[in-house]
Amino acid sequence: MHVFFLFLLQPTGYMENSVSYSAIEDVQLLSWENAPKYCLQLTVPGGTVLLQAANSYLRDQWFHSLQWKKKIYKYKKVLSNPSRWEVVLKEIRTLVDMALTSPLQDDSINQAPLEIVSKLLSENTNLTTQEHENIIVAIAPLLENNHPPPDLCEFFCKHCRERPRSMVVIEVFTPVVQRILKHNMDFGKCPRLRLFTQEYILALNELNAGMEVVKKFIQSMHGPTGHCPHPRVLPNLVAVCLAAIYSCYEEFINSRDNSPSLKEIRNGCQQPCDRKPTLPLRLLHPSPDLVSQEATLSEARLKSVVVASSEIHVEVEHTSTAKPALTASAGNDSEPNLIDCLMVSPACSTMSIELGPQADRTLGCYVEILKLLSDYDDWRPSLASLLQPIPFPKEALAHEKFTKELKYVIQRFAEDPRQEVHSCLLSVRAGKDGWFQLYSPGGVACDDDGELFASMVHILMGSCYKTKKFLLSLAENKLGPCMLLALRGNQTMVEILCLMLEYNIIDNHDSQLQIISTLQSTRVGKRMYEQLCDRQRELRELQRKGGPTRLTLPSKSTDADLARLLSSGSFGNLENLSLAFTNVTSACAEHLIKLPSLKQLNLWSTQFGDAGLRLLSEHLTMLQVLNLCETPVTDAGLLALSSMKSLCSLNMNSTKLSADTYEDLKAKLPNLKEVDVRYTEAW
């Protein structure tokens, strides 16, 4: 069906020459009595051609295929030179009916008419609006089970832009877009499908009810149950949102090559710029009064760098009083870190962006859709994962309105107790900033006094991030905001400061004294600091030399039983601890890390999990024997064991260990001699 000529590999019999489909005048089925021969007779100018098939099914396939091809050529010829559009519309309807009633089962049966109509529309751009709508309604039945071809998508986009309130948008385009969102696998291969979906949603937003109509459309895509039955809907909706948001800043993004780079912006564009911008570009250098102020106050400040276009207005202001870490890296030839370039603390740069009216409406619509998506519990994990790499242009991150509106989505992630959701607040990989850095005090998106930052820290500390590494990153980058929020009585920040003291995160004596003063300045801080002092005294008593070298807890013991036992005397000599077949969990790790001489730990058949393993790996670096048989640990926790270089015996029998993690542990633990991986993927 995809070729234009019939031919034989060996030109014998009735087909010595190829026969053009367009030359076929008639096709008939032939049969003979008492003779099982399955033939077709083709009537062509000057004679007939007889085709014999092996069976009746193949003959019928040939018959319907030839009829279809013959009619398609007829409609191509008729519609290629339209004279009267009422006749053209009638032919289109007949063509659609033929495609719907054809017994042939092939994608091209429905796609061929759509492509003919698409070509017709692309070659006749002077049609009236009513003619547009009549053609769309005529081909609507074919669109119920088929994606529109690219040129037809372009035509639909134009209709959405020019007549967003047309009933065609609601009645015809809605099922088409629903099918695209449910079944499309890759917008990269079909970018015009994505553009059509984008324009359709904007057309819904132009209706009188506006976002209420869009909200009902999103609800219809999710379905009435608590779980959306179509796995492709969310990724496709997010792809449309990201593309639409990108388009709002596209004009400025395209002018990047002719505007100051991030490094130049960060350095205040002090070097002359030799570019010849395609967009109006104006660099304002320091005024004489400003220079005199610099000489007097020794405080360099540049005036605004203004980049203006018909859609975007950007103002960038810099000071040289940035943090030492930022100043030190300014001389590096590499492109500076994104968040560093867009810091909005008083000592750093500020950037504001103003979009044109149309771009502003588009941005508001699609950010609102992201908010709607974040309200669905079943979609939130996937949404958080898709947004974790921060897939927005830096111009969007510098836009105060965008980050302020997106804050709702980040807040929803921070409120979700599921680790797979709130863990996406952190960076996707080392060396790359995440939403946690972006919305923390000093970050470009932080527009409050640290409430969202405190909420993010609280949820992260409550799951599995109460680790030295996480606390160390807070001490290095966010100690000031933590102390300020603790001074205002935030309990999470008070707990953070206490943990920094307890785990010896802060080495500087003056900083330690400042933290203690901060804790003692509030009632909650004073109470928690006193509890810390009591724990430290108990710890010194616990770690005092003496006590048993071996200890076994009775079965069914709990975390509270272990804590009570360890607080009853000195265990500084304890080297072997067995918690096998007890009910302890990862919560007991806070007590285990206080045993300085511990070398052997048996956790067989307990509920000790990944969070506990991470804590042990940071503190019990001298552990030699560890039994994790039949525990719920996974690769996420087992990978942390790679820092325990003293391990020589490790039992991971009946755990969720993967083969890759096992190979990684063998490579990173040089002293490991005894390993049990039975009943795991690595076995």
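Is arginine 380 buried or exposed, and what is its relative accessible area? Arginine 380 is buried, at 5%, where buried means under 20% relative accessible area, exposed over 50%, and partly exposed in between (1.4 Å probe, protein chains only).

1. Basis of the note. This is a predicted model, in which local features need pLDDT of at least 70 and side-chain atom pairs count only at pLDDT 80 or more, while totals for chains, interfaces and linings use all residues. Residues are numbered from 1 along each chain as its sequence is written, and side-chain values use heavy atoms, with hydrogens and water left out.

2. Arginine 380 and its partners. The side chain of arginine 380 forms a salt bridge with that of aspartate 377 (2.8 Å, N to O); the term stands for a side-chain nitrogen of Lys or Arg within 4 Å of a carboxyl oxygen of Asp or Glu. Aspartate 377 is partly exposed, with a relative accessible area of 47%. Through salt bridges with shared partners, Asp377, Arg380, Asp416 and Arg418 are joined into one network.

3. Helix 16. Arg380 also belongs to the buried residues of helix 16 (residues 380-387), together with Pro381, Leu383, Ala384 and Leu387. Helices (H or I, at least four residues) and strands (E, at least two) are DSSP runs, numbered from the N terminus. Viewed down the axis of helix 16, the buried residues fall within an arc of 165°, so they line one face of the helix; the arc is that of the directions from the helix axis to the C-beta atoms. They pack against helix 9 (233-248), helix 15 (357-374), helix 18 (400-415), helix 19 (419-422) and helix 20 (435-438), contact being defined as heavy atoms within 4.5 Å.

4. Salt bridges involving helix 15. The whole structure contains 21 salt bridges. One of them links the side chains of arginine 361 and glutamate 206 (3.9 Å, N to O). Arginine 361 lies in helix 15 and glutamate 206 in the loop between helix 7 (191-205) and helix 8 (211-222), so this pair ties together parts that are 155 residues apart in sequence. Arginine 361 is partly exposed at 41% relative accessibility, and glutamate 206 is partly exposed at 30%. A further salt bridge joins glutamate 368 to lysine 371 (3.8 Å, N to O). Both residues lie in helix 15, three residues apart, about one turn of the helix. Glutamate 368 is partly exposed at 29%, whereas lysine 371 counts as buried at 14%.

5. The nonpolar cores. A nonpolar core is a set of buried Ala, Val, Leu, Ile, Met, Phe, Trp, Tyr and Cys residues joined through side-chain atoms within 4.5 Å. The largest has 180 residues, and Phe392 and Trp435 have the most contacts inside it. A second, separate core of eleven residues includes Val19, Tyr21, Val27 and Leu51.

6. A buried lysine. Lysine 407 lies in helix 18 and is buried, with a relative accessible area of 18%. Residues up to four places away in sequence aside, lysine 407 touches Tyr439, Asp447, Asp448 and Leu452.

7. Helix 22. Phe470, Leu471, Leu474 and Ala475 are the buried residues of helix 22 (residues 468-477). They cover an arc of only 135° around the axis, which puts them on the same side of the helix. Lys469 and Glu476 are exposed on the other side. The buried residues pack against helix 20, helix 21 (451-462), helix 23 (479-487) and helix 24 (491-502).

8. Six strands form an open sheet in the order 10-11-12-13-14-15, with parallel pairing; two strands pair if DSSP finds at least two bridges between them. Strand 10 (550-552) and strand 15 (674-676) stand at the edges with a single partner strand each, so one side of each is left without a neighbour in the sheet. Within the sheet, strand 12 (residues 600-602) and strand 13 (residues 625-627) pair over three bridges, and leucine 601 stands opposite leucine 626 in strand 13.
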